[in-house]
Every structure is written in C-alpha cells, then in structure tokens.
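Thanks for coming. I will go through one structure today, sheets to begin with, then a helix pair and a few single residues. Please have a look at it before I start.

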Amino acid sequence: MPPPVGPAPRRRLPLVLAAVLVLVLVAVGLVVVRPGPVGRWLGDAPATPAATGTVESAPVPVLVAADSGAPPPSTDGLRTTLEPLIDDTALGGRVNVAVADALTGEMLFDRGGGEGTVPASVTKLVTAVTVLTARGPGHRIPTRAVAGAQPGEVILVGGGDPTLAAGPKGFYPGAANLTDLADQVRKALGGVAPTRVVVDSSRYSGPVYEPGWDDDIPTGGYGGAITALMLDGARTNPKAGPGWAERVAEPDLAAGRAFAKLLGVPVGTVRKGTAPPAPTGTTASEPVGGGGPGAELGAVHSPPLLRLVDIMISDSDNIVAEALARQVALARDRPASFAGAASAMAEVVSEMGLPVAGLDLADGSGLSRNNLISPALLTELLALAASPDRPELAGIFGGLPVAGWSGTLRDRYGATPGTAAGAGVVRAKTGTLTRVHAIAGVVTTAEGRLLTFAVLTDDVPPDGMEPARAALDRIAAALAGCGCR
C-alpha cells in the first residue's frame, strides 16, 4: 500500500457541513437547509420534488451535526479497520479507496486512491460540481418559440431543459410547460393562426447515445436519446416513477407534436429544422412579439440548476445528468455534445485545483464504461463543496441519499450484518453497472469527526451486485462506527 498522503497544502477547510447537512422533516417530504443566498438562487420556483413513498411517522434523527473539535482517525487505525473489509472477495479484483478529513483536507487512508476507476453514477458528483461552478445555482434553461419564415409558422427551440412538460402536471414538479408557451405564442401572433410547428434541437450536436453505453441502455429504461428538446426526461408516460421508465426514440419530435396539438396544428406536419436568426437589433432573449422571421413569440424556463442538481443526485437521473453536463459545455463555448461536455467538465475540475490524474470522462451520467475517476478526486471534490468559500457548491449535499433513509440508500444499511452503524450517518452517491459498484460521500465517525470517502470497484463478478453492495456498505459503516485511533 502506498504511504499515506499528508495534508493538502493548498487549503485547510473550515467545517461547515454541520450547516449544510441538516434535514427537516415536513409533511410532504424532506427539505434541505443550505448556506448561502439560496433564496436568490431559487427565485419563486416551487419546492424541490418531495421524496416518494410513505413518510415515517416517527423518524430517527439523521446527520447529527459534526464536531469540529473531535479527533480524526489515524492512518494506522483506518488501515486496521478497513483493509480486511476491502479484501472481501465480493468486491472483485480491483478495489480503490480514499478517505480524507473534511476539516483539513488531509488524506487519511489511500489504497489505490489515485487510480482512475470506472465510477458508474458516482460521476454525477463531478457533473454537479462543474455545472454549479460553470453556470451558477440560479441559472434557468430556456425553451423558446420564434416566428418561422412563413406566416403562422412557429419554431420550437430547445435550450436543453430535460424537465419541460406538456402541461402543468408533468413528471418533474415545478417544471416549465408547453401550455404556458402556447398561450404566449397565441397572444404574440395576434390574429394570425398557427399553421405549422418546426422543432429546432440544434443546440446539441453529435450522437444522441454515448458510444461507451451498453447496448441495452437506449431501450433499457435508464437512459435515452439526449436531445436539446424533450418532455419529462423523454418519458413516454409522465406518470412513470423515478428510475426505470420507457423513453421515446425521438424526444424532440415528440415535444413538437405535443406543442402542435396545443396550438391546434396538425401533428403530422411537425418536422425538424432550425430557427431563423433574430431580427436585427434584437436578441434571442428579448420578446419582440409577432415580428418577422426569428422574432421571439414566447419563452419558458426550467427550475434553477440548484433544483436540477438535487433531482439528478437524489434520483440518480441519467437524462438530467446529461443535460447538466451540456450546460457546462455551453458555458465554456464548447459543442453541447458528449465529447464537448466531457472536455468542458475536465477543464473546470482542473481549474478548481482538484487532482485530474486518473480523470477521463465520456459522459455526465456515468452510464459510459469509458469514464474513469479516482477516489482521491472524489474525496477532495466533496471537501471543496463543503468550504464556506464555495457556498454555491453546497447544493450537491441536498440530494445525497442518506443510509437507511432516502434515495438509493433507502433500503440499505441496518438489515445486512455489519452495516447498522452507518444508518442515518452515511450520506453518499452510489453507482452501479454490471461488474461496477461504487459509493462516495460523507460520514461522521463515532467520535464526531466528519470524513469524505470514496470506494470504487470495477471488477466484480457479473452476478455479484448484492454481495458487492453489502461489502461497500460495511466499509462505510465501519467509518461511522470507529474512532480508528
């Protein structure tokens, strides 16, 4: 095992996660309290989607405030506690681990921590941090309608909002909807009746599926065609639950047909095209009524990115993740494609001073097996997001599942032997592909010290998902249960 790495010289992080990681139970679900100018970032948008399922009538406290004066674990103590668990054969032949002190940034345990490993959905932590850095928590993604070249022709222009709905009751609560946009268009056109709808999804370029995705992902219900215009995350049914859902093959055309129906235009005439340039002296964001070709007829906007990040992490929403990755590309004047987004995200990571050795991105969701991320990068990323100097990054903690409580960790910890200590204490993003299992997040030790950790393994037997998950949970629970000094 490589010798332990000393404190990172570039920063010592004050402990602010006690403020970040506070959950308040309300009748409709879970609300996260964040530091920073949250009201300005969120505007007047509806609340974050409520947690699904029945809320427990008498929940136990979770995420008790960490103690900044608590002693950190020692490297020897962590080694004694973790190494037998890491050597569990259920984790396969390649397990890479990093554990760091959130207060100081010191790497406390490193076993292959600098090695790039297939991360699966843990990739979404990188997507979250880079989009909040590049765009800001309050940014909203527009969907516009502009006048076409012919009288009554309406061009529906996708800006990349994956949560857009046809009406007010779409899949994502608080999403923009085409019903509102159609009302704006009719008002802007005055007495001119709409005659045809053209969809412009040219904001995105390149393939709609990442070449490194498994063959079953486009039709398997967890991925879909990534286009700049879609409804309800490309779901065929907006009432489908989070996670698996059947997706439409051409999301942009499906959205255009829904818009045509709202405008009273024959849906069979909807086609793809590009919007004319805005008239001279105007900008694409300035409503100019029913003027000449390219004049804006209306616009609606997504919820703030802070909310989209919550959705992406809490539900592990792959479609939202790919849309957010493209927002990083657009912010950096890169093509809004898989390759452009990956390049832009890596650039932002480097500029943030995070370790890029072992980082190789192919998408923003983690569905691609071409992604590589090191555990050390993930632990430093989580620590940076806790820094009071970067309050905009604290949004990544709001959606992190809590062990035995919410999200992808709701049904884990407690029943499996050796995991009870992690229930309500571990908060982490998980990742799963065939042979790939990962977990990365934050945990408070028995003595009250807050740690960041990441465990990635990409050589698990194909039928070994449940044993591998249990082994990962035992590692995180061991961090919660020990003083390790």
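Let me begin with an open sheet of five strands, ordered S8-S7-S6-S5-S9, in which the pairing is mixed. Strand S8 (271-272) and strand S9 (296-301) are at the edges with a single partner strand each, so one side of each has no neighbour in the sheet. On terms: strands pair if DSSP finds at least two bridges between them. Helices (H or I, at least four residues) and strands (E, at least two) are DSSP runs, numbered from the N terminus.

Before going further, the provenance. This is a predicted model, where local features need pLDDT of at least 70 and side-chain atom pairs count only at pLDDT 80 or more, while totals for chains, interfaces and linings use all residues. Residues are numbered from 1 along each chain as its sequence is written, and side-chain values use heavy atoms, with hydrogens and water left out.

Strand S7, residues 196-200, pairs with S8 in the parallel sense over two bridges. Val-199 has Lys-272 in S8 as its bridge partner. Helix H6, residues 251-263, packs on this sheet and touches S5, S6, S7 and S8. The direction of H6 makes about 150 degrees with that of S7. Contact here means heavy atoms within 4.5 Å. For directions, axes are lines fitted to C-alpha atoms, for helices over the stretch in contact, and angles run from 0 to 180 degrees between N-to-C directions.

Gly-159 sits in the loop between S6 and H5. Is Gly-159 buried or exposed? Its relative accessibility is 10%, so Gly-159 counts as buried. The cut-offs are under 20% relative accessible area for buried, over 50% for exposed, and partly exposed in between, with a 1.4 Å probe and protein chains only. Leaving aside residues up to four places away in sequence, Gly-159 touches Ile-141, Pro-142, Arg-203, Ala-228 and Gln-327.

Five strands form an open sheet with antiparallel pairing, in the order S4-S3-S12-S11-S10. Strand S4 (107-111) and strand S10 (427-433) hold the edges, each with a single partner strand, so one side of each is left without a neighbour in the sheet. From one strand to the next, the twist averages 5 degrees.

At one end, strand S3, residues 95-101, pairs with S4 in the antiparallel sense over four bridges. Val-99 has Phe-109 in S4 as its bridge partner.

At the other end, S10 and strand S11 (residues 436-444) are paired in the antiparallel sense over seven bridges. Gly-431 is opposite Ala-438 in S11. Six of the seven residues of S10 are buried, so S10 is largely enclosed by the rest of the structure.

Two backbone points follow. The hairpin of S10 and S11 has two residues between the strands, and there Arg-435 takes a positive phi near 80 degrees. Arg-435 is not a glycine. Its relative accessible area is 31%, which means partly exposed. Tyr-413 also has a positive phi, of about 80 degrees, and is not a glycine either. Tyr-413 lies in the loop between helix H11 (395-398) and S10. With 8% relative accessibility, Tyr-413 counts as buried.

Now the helix pair. How do helix H4 (residues 123-134) and helix H10 (residues 375-385) cross? Their axes come within 11 Å and cross at roughly 40 degrees. H4 and H10 are therefore oblique to each other; angles under 35 degrees count as roughly parallel, over 145 as roughly antiparallel, 65 to 115 as roughly perpendicular, and the rest as oblique. The residues in contact are Leu-125, Val-126 and Val-129 of H4 with Leu-378, Leu-381 and Leu-382 of H10.

Finally, the overall numbers. The protein has twelve helices and twelve strands. Of its 485 residues, 55% are buried. Among contacts with a separation of 6 or more, 70% are between residues 24 or more positions apart.
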